[in-house]
Amino acid sequence: MSALFLAIPLTIFMLFVAPIWLWLHYSNRAERGAELNGNERQRLIQLSDEAQRMRARIETLEQILDAEHPNWRND
């Protein structure tokens, strides 16, 4: 009889409470993971600036190569 007193609440918990609890836990975790903190945002801005400088350098190098060796892209 005492096992029945434990089995009924445990069954109700496993069927109704646990799935909702897990769903809410992992949905909130996904939302928190999508946000950037201050350090990550600063690093992203820094990497974006470096990529823009790198793009400018590559364009300059391509212009120099176009002037010195017009068919360098075909070689």
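A: Arg-73 pairs with Glu-62 in a salt bridge whose closest N and O atoms are 3.7 Å apart. A salt bridge here is a side-chain nitrogen of Lys or Arg within 4 Å of a carboxyl oxygen of Asp or Glu. Because Glu-62 sits in helix H2 (38-68) and Arg-73 in the segment after helix H2, the pair ties together parts that are eleven residues apart in sequence. Helices are DSSP runs of H or I with at least four residues, strands are runs of E with at least two, and both are numbered from the N terminus. Glu-62 is partly exposed, at 26% relative accessibility. The classes are buried (under 20% relative accessible area), exposed (over 50%) and partly exposed in between, with a 1.4 Å probe and protein chains only.

Arg-73 also forms a salt bridge with Asp-66, and there the closest N and O atoms are 3.5 Å apart. Asp-66 counts as partly exposed, with a relative accessibility of 34%. Through shared partners, the salt bridges join Glu-62, Asp-66 and Arg-73 into one network. The structure holds two salt bridges. Side chains of opposite charge can pair when their charged atoms come close.

The model is a predicted one: local features need pLDDT of at least 70, side-chain atom pairs count only at pLDDT 80 or more, and totals for chains, interfaces and linings use all residues. Residues are numbered from 1 along each chain as its sequence is written, and side-chain values use heavy atoms, with hydrogens and water left out.

For the chain as a whole, there are two helices and zero strands. The C-alpha atoms fill a box of roughly 95 × 30 × 15 Å along the principal axes. The radius of gyration, taken over C-alpha atoms, is 30 Å, whereas a compact globule of 75 residues would have one near 11 Å. That globule rule is 2.2 Å times the number of residues to the power 0.38. Buried residues make up 1% of the 75 residues.

Helix H1 (residues 2-34) holds Trp-21, which is exposed, with a relative accessible area of 56%. Trp-21 belongs to a nonpolar surface patch that has about 1,000 Å² of accessible area together and includes Leu-4, Ile-8 and Phe-13. Such a patch joins nonpolar side chains (Val, Leu, Ile, Met, Phe, Trp, Tyr) within 5 Å, and like charges are joined within 9 Å; members have over 30% relative accessible area and no salt bridge. Accessible areas come from the Shrake-Rupley method with a 1.4 Å probe, and for residues only the protein chains shown count as cover.
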